[in-house]
Amino acid sequence: MISRRLNKPVFLLIILTLVSACTAPQSSPNGNAVQVNEPVLTLTPTDVDEWGQPLNAQTVNEPVITLTPTDVVQENGEWWKTAVFYQVFVRGFYDSNGDGIGDFRGLIQKLDYLNDGNPETATDLGVTALWLMPIHPSPSYHGYDVTDYYNVNPDYGTMDDFRELIEAAHQRGIKVIIDLVINHTSTQHTWFKQALESESPFYDYYIWQDENPGYSGPQGQVVWHRASNGKYYYALFWDQMPDLNLKNPAVKEEIYQIVRFWLEDVGVDGFRLDAAKHLIEEETQQENTALTHEWLANFYAYYKSLKPQAITVGEVWANSFEAVRYVRNSEMDMVFNFDLARSILSNINDRDAISLSNTLTFETRLFPTGSMGVFLTNHDQDRVMTVLMKDIDKARLAAAVYLTSPGVPFIYYGEEIGLTGQGDHRNIRTPMHWSSERMAGFTSTTPWIFPKMDYPEKNVQKQLEDPESLLRFYINLLRIRNQSDALQTGQFIPLSSSSPSILSYARVSQNDQILILLNLGDQPQNGVTLRSPEGLKPGRYRLQPLAGRLIDAIVSVEQNGSLDDFEFPETIAAGDVLIYQFIQIPES
Ligand SMILES: [Ca+2]
Ligand SMILES: [Ca+2]
Ligand SMILES: [Ca+2]
């Protein structure tokens, strides 16, 4: 029984809630969903937001939400639900013209590394979509303060270069989404410069007060700043990034035109929506406001009317209860799951398979299929390999968890070769390591920032040659995922195991069923038994290894979908990642 594996009361509440939601559809008003009281989250010191500050516990105890079991993706062209994304910082990826800065043509030259478009070859990573961090002109190196939404950063190339990149990516079956930063602009944007002039129609593009209102931001930061016109403007993140006034219909119209331009005239496939929870303030309430939800619902209807296949994925750096609201009400297609990312890394560091199983079960049932962006870390967080203290077994386990569980994976560039970095954001956005050549093969000159010292040993070229490398592990895992609709969109069925070190679950789709076994502990495990009260497909099976060794065993799933004490016949070594496909044994 599931309850045998619980060690924390909070999870008992969550799991019991889930079980009742999933097994009692007859009590549901609409047949497949049940209103439940939201469980109370226990916040730990690692629960931080983008400011590195503790998440506000008050935002947790909020209204009732609906939990549904994972549903099945329909064949309706919703490409993102089976995609694997790769997050690229163009400035740090590959420099094609010897100025020390990564650029579009450099990215084009490296597309064959990401996905060569040929399923027969296995020298490419196998990602099927790119998220490009800001590509617009900007005074900063990172680009989150935009000065022109209709152009590209000249450091990265020309608009023609960008169009060529889109075309080259699409030829390989790779979709491209770009960062859309609409919460704020740069102070150098012409809108803001003109807003400073008296009687300007652009004044209302921003948020002003004659006197300093005096209140501070969600984490106590200064948000009201004095401008040269003597008035105070609101800027949540930085005084160089004034917040736009999205209540102003003229600003909304500007943003709609920008979105139309990139979707229709340029041909991008969607957007990563920066700072999505901060769009509209209601005085001192500065995140997740009703007006922000309303604005996004209208925005969603707008971009879907232009291009039904276009998507948004939102940066809602908040607990899952807040984040899921944005996808349950058709405001965005996906949001990133920051809670799950943090749990994966902390539970793997702590070798705590029980907590991770509970969290995966909860999170994957909270989010509708294909609406949850899963990842380990992004450009704002210490890199995975650093968080995992350079333990490559743990890096493999972390990758295995998020690449075999429900959700749409986002790989942060360099994660697949184990790049390190922490602290100052520049340190986690350093150049990709392509080879052992000078400057990691990133550039022929002095780069804008130096690659990490370990590039002679840690780079793409070396890891492609080493079948045991982290890169080869990612390549194999993505090939397995890309060929399995169960891994992409199947139901998540947690299996309870007799060992607290073993994380095990199944992924079950209409025609496919996959077993995953991970040893998070530091000791080998023998005689591990697995069970589930429900959810598997009845029948007798042998297990075909997709990752791991051939084993001699027959698995029997009862008519009610339960698995009763299946004993895994071999030792599961510390750090093992085992993936098996269920192959039905014909009735004789
Ligand atoms: Ca360059
Ligand atoms: Ca290939
Ligand atoms: Ca705002």
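Close-up 1. Donors here are N, O and S atoms within 2.8 Å of the metal (3.2 Å for Na, K and Ca), and since water is not among the atoms, sites may look incomplete. This is a predicted model, where local features need pLDDT of at least 70 and side-chain atom pairs count only at pLDDT 80 or more, while totals for chains, interfaces and linings use all residues. Residues are numbered from 1 along each chain as its sequence is written, chains are lettered from A and ligands numbered from 1 in the order in which they are written, and side-chain values use heavy atoms, with hydrogens and water left out. Asn 97 is exposed, at 53% relative accessible area, and Asp 99 is partly exposed, at 37% (buried means under 20%, exposed over 50%, partly exposed in between, with a 1.4 Å probe and protein chains only).

**Close-up 2. The calcium ion (ligand 3).** Asn 183 (OD1), Asp 243 (OD), His 278 (O), Leu 279 (O) and Glu 281 (OE) coordinate this ion at 2.2 to 2.8 Å. Asn 183, in the loop between β5 (175–180) and α5 (190–195), and Asp 243, in the loop between β8 (232–234) and α6 (249–266), are 60 residues apart and link distant parts of the chain. Helices (H or I, at least four residues) and strands (E, at least two) are DSSP runs, numbered from the N terminus. Both Asn 183 and Asp 243 are buried.
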